[in-house]
Amino acid sequence: MDVVGAGELVSGKGTTGVAHRVETIDDVLELMNDPELSDVILLTDSASATAIMPLLDEVRGIICPVGGRTSHLATVSRELGLACVVGTTFTTGDDLDGRRVTIADDGTVLADDGTVLGAAG
Amino acid sequence: MGLSEDSLARANGVVAAFGRAVRAFFQAEKRDELTSVLFDVPRRSLLGWQCLYRHAPEFLGELWARTTPEEFGRRMARPGARPYQLQLAILGLGYLGARQQLLLDQGLYRGDPLPGEDVERTVDFLLTWERLQRSYRVDGTLLPGETGAATRILDGPGLERVVDRLEPVDDERFGLIRRAVAKLQMYAFLFHGEQRDGVFGHGPYDAGDGSLVFLREINDLQNDYVPWAADGAASPVPNVVVAYRTRGVEVHCDLFGSLVAEPHDFADRVEAVAIFTAGDGTLRRLDNDEVAAVEQAAAKGTRSLFATMAAWSDDYKLRYGGPLFANHMKTFFDLAGIDGSIGDRLMTTFEATADDLCAGILQRDTAGVWRHMARGEDDCFWPVVA
C-alpha cells in the first residue's frame, strides 16, 4: 500500500473500505440503496454533515479535504464512532473514487493498489 | 391605553440588547454564508420571520388571555418542555428581523420611523417577550451572554430530580447513548429543514462537589403537524433528555438553545449520565432496548425524510417556511393545553402568508437583512420610533 494523502483523524480508528465520491443529492440517493454501503468510505468536499446525513450511520469512514476538529462532520462522526479524516491533502489529481483505501490511525490515507496519490497536509 | 415614554425606552433596550446578541451569533457562525443542498435556508427564514411579524402578536394574545408570561415561562422551565429557548429566540429574531428587512427595503435609516408601524403593538410584543424570557431563565437574566454563555432553566428541586437519576458510566450503555444522541440530532436538524429546532442544551449547573451537570434534549419527536411529518420518525417517545455530570468540561450555550462543550470529545470526563424521557412533571428512565428503538426510528426517519425533501420543488424549498414557523407557534398552545382550532388556524394563516410572499422573495438573490445583521456597521436592529 502507498500513501495517497493525509489529514487529521478527528474521530474513530483506522479502517479499510471502498472509496465513493459523493457530490450531489443523486449520489446520496443512489448510495442509500447500495447493498455494499457498509463497506464504503465516503469522499466528500463539504464539512457539513447534512448532505450525506442518511449515509453516516452505515458507512465505514469519511475523507474530506476541508474542515477541522470542530466542524459539523467531525462532531457527528465522533458521536457515531466513525473514522473521519478532515483537512486531507492529496498529492496527485488522480481520483480515489471506486478504489479500496485504508485510513490509518494517524490520518494517513493509503491506496491498496499501490498508487501514490497524495501527501500529508 | 397610550404608549408611555418609559415603555418605549424599555422596549428599545430590549431591541439593542437582543440585537447585540444576534449580531455576535451571526458573525461567529458566518450565517450570511450559509448554504444548503436541500433547502433555501436564508430566504426561508426571511419568509418565516415575515409570518411571525404579521401574526405572532395576535395569536399570542389568545395565550395571554389565559395565562401570564411569567406563569408560562416557569412552565417551560423543565426538562423536555417545548417551547424552549429556541422558540423564544425565534420569536424575537423573527419579529425584529422582518421589521429590519422592511426598514432596509424602504431605504430608511436608523432613527427613522417605519411607515405604517403600529408602535404600540411592537412595544407590547417586545415587553411581553422580555417578561417571558426573564421568567424562563432561573436567574432572571434576558440572554445567555449575561451569565457567561450559560442557559440555566432548572431551579434547585428541578436540578435535584435530574441529579438523582444520574448513573455511573457503563461503557456499553454510554456508547449506545452517544450513538442515539448523534442520530437524533441529525434527524431533528433534517426534520426542521436545517433549522436547529428540536435540539436543546442547557446548563451548566453546579453539582456542589466541583463537578458540573448539563443536559442535552431532543424534542418534537412525535410531530404530526407539519406536512412532511408522515415521512418522519415513528418515535416511541416524544422527547429524549440526556444529563451528564462532568469534571474538567466547559459548556457554552447560545441564544438559540445550542450547547457546545470543550473539549469537544469529553467522553472520558463524564462521571455519570442519565437518559430519560420527560412528560408533564415526570422523568422516566429509558432502558437500553428503548434507547436502541429510538435510535433506529431516527435513522429510518432520516433516510425517509431525505428522500422526500430531495424531491421538493425549488418553490417548496422556500415555502415550507410557513409550516415550519407555524410549528414554532403551535408549541406555545400545546404547552398551555389549548387545543381546538388553534393549530389549524395557525397553519392556514402561515401557509397563506407564505403563498403571498413566495414570489416576491424568490425575486431576491439574497436576503439583504442577513448581510446587515451579520456585517452591518450600525445596530443590528434599529430602534422603535414613535
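First, a term: domain bounds come from an automatic or database domain assignment. For chain B, that assignment gives domain 1 (5-145 + 315-375) and domain 2 (156-310). Their centres, taken over C-alpha atoms, are 25 Å apart.

A word on the source. This is a predicted model, where local features need pLDDT of at least 70, side-chain atom pairs count only at pLDDT 80 or more, and totals for chains, interfaces and linings use all residues. Residues are numbered from 1 along each chain as its sequence is written, chains are lettered from A and ligands numbered from 1 in the order in which they are written, and side-chain values use heavy atoms, with hydrogens and water left out.

Now the buried area, meaning the accessible area (1.4 Å probe) that two parts lose on being put together, summed over both. Domain 1 and domain 2 of chain B bury about 3000 Å² between them. Carbon and sulfur atoms carry 63% of it.

Next, charges. A salt bridge is a side-chain nitrogen of Lys or Arg within 4 Å of a carboxyl oxygen of Asp or Glu. How many link domain 1 and domain 2 of chain B? Two. Look also at B:Arg82 and B:Asp220: their side chains form a salt bridge, at 3.2 Å from N to O.
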